[in-house]
Amino acid sequence: MRDRAVPPDSLEPMSVRAQQYAAQVLRREEISPHLVRLVLGGDGLAGFTSTGIPDEWVGLVVPGQFQSRYYTVRSWAGGELTLDVVVHAVGLVTEWASRPDVVGETVTVTEPKGSYAAPDGAGWLLLVGDLTAMPAMARIAESTTLPARIWAEVPEDLPGYLPEGPEVTWLRPPAEGASALAKAVEGIDWPAGDGYFWMAGESAQMRAIRKHLMREVRLDSHAYDVMGYWRGGAVRQPRAVDPGPIYRAGKAAGLSDEQIWQRYDEAGDQQQEQQ
Ligand SMILES: Cc1cc2nc3c(=O)[nH]c(=O)nc-3n(C[C@H](O)[C@H](O)[C@H](O)COP(=O)(O)OP(=O)(O)OC[C@H]3O[C@@H](n4cnc5c(N)ncnc54)[C@H](O)[C@@H]3O)c2cc1C
């Protein structure tokens, strides 16, 4: 059970405490036209330690850039750190990761942090997300013993990406407008008893989902994590807000994951207003 306490009055600035690691790109593989696998390694990762939390993420700074973007640790094994990166229309990491010749380049990654926390006694697990959530959903599904169901909105098939076992509903993102995920969540026939709902995708949509879970489904705030992984609609490239310090500060203050991710969204809003 997680304790609640007084919220912190300020958000820590990024990278004050985050340990950083220099890593070489060992391999690059195109899993699909929109998903690139990067395998990182080298001596600089010697001190890297996984939290073991299946949705753990790292900050990634690519060569020539100072700003981080956040990526799920798809795996950490044998000194190799695997990140699966969505390549979309335009973006710092997108443009870099789209290049076939990134192998051999050095990037910086931060220490991992994770958010997934199925409550004790959960009897089921529902995972919902877009392509950016696929690495986390795959790793969660691999590591859980709970009966799981997955809704995945992806632009093209990803055969074999998710482990065997969970029932998967594949959805295609619409050419325009809101994703189909909100509708899928509204249509969920909720399993009986206590369980855990995990979801990640575009921030504005995630907010609407939170409201739905809170007001309509009336889930306990510890029974779900809904995370804004990226912010759509920005004309200028937003400087991503580091979830690590917000997460650490929220945990230290005893906030639920739900409250922490709301706080994360608010920090992103504040930053966008200032830009
Ligand atoms: C905890 C956490 C874990 C994450 N894990 C992953 C992961 O494993 N794999 C992954 O690919 N992403 C993941 N993300 C999302 C990723 O950090 C963002 O998508 C990030 O903005 C991508 O950076 P960029 O440099 O490519 O684009 P940016 O420079 O950040 O953005 C450029 C433009 O692209 C738009 N944009 C950003 N992301 C997307 C997108 N996915 N689809 C369409 N348009 C987009 C923005 O609105 C902006 O207009 C995660 C985010 C968080 C917070």
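The entries below cover the ligand shell and then the aromatic rings.

**Entry 1, ligand shell.** I kept in mind that this is a predicted model. I listed 25 residues around the ligand, and Arg-69, Val-86, Val-93, Thr-94 and Arg-231 come nearest. By type I got 15 nonpolar, 7 polar and 3 charged residues. Strand 4 (69–72) is one of the elements that supply at least two shell residues, and helix 6 (257–274) is another. Strand 4 gives the largest share, 4 residues.

Which side chain has an N or O atom 2.7 Å from a ligand oxygen? I found Arg-69 there. A polar backbone atom of Tyr-70 is 2.8 Å from an oxygen of the ligand, and a polar side-chain atom of His-88 lies 2.9 Å from a ligand oxygen. I also checked the area: the ligand alone exposes 910 Å², and the protein buries 91% of that.

I found 9 aromatic pairs in the structure. Tyr-21 and Phe-48 are edge-to-face, because their planes stand at 70°, with 5.4 Å between ring centres. This pair links distant parts of the chain, 27 residues apart: Tyr-21 is in strand 1, Phe-48 in the loop between strands 2 and 3. Are these two residues buried or exposed? Both Tyr-21 and Phe-48 are buried.

Lastly, I noted the charged end of Arg-74 over the ring of Tyr-161, 5.4 Å from the ring centre.

Definitions and conventions:
Residues are numbered from 1 along each chain as its sequence is written. This is a predicted model: local features need pLDDT of at least 70, side-chain atom pairs count only at pLDDT 80 or more; totals for chains, interfaces and linings use all residues. Side-chain values use heavy atoms; hydrogens and water are left out. A residue is near a molecule or strand if one of its heavy atoms lies within 4 Å of it. A polar contact is a pair of N or O atoms within 3.5 Å; within protein, one must be able to donate a hydrogen and the other to accept it, and residues adjacent in sequence count only if both atoms are side-chain atoms. Accessible areas come from the Shrake-Rupley method with a 1.4 Å probe; for residues, only the protein chains shown count as cover. Ala, Val, Leu, Ile, Met, Phe, Trp, Tyr, Cys and Pro count as nonpolar, Asp, Glu, Lys and Arg as charged, and the others, Gly among them, as polar. Rings of Phe, Tyr and Trp (its six-membered ring) pair if their centres lie within 6.5 Å; planes under 30 degrees apart count as stacked, over 60 as edge-to-face and the rest as tilted. Buried means under 20% relative accessible area, exposed over 50%, partly exposed in between (1.4 Å probe, protein chains only). A charge sits over a ring if NZ of Lys or CZ of Arg is within 6 Å of the ring centre and within 35 degrees of the ring normal.
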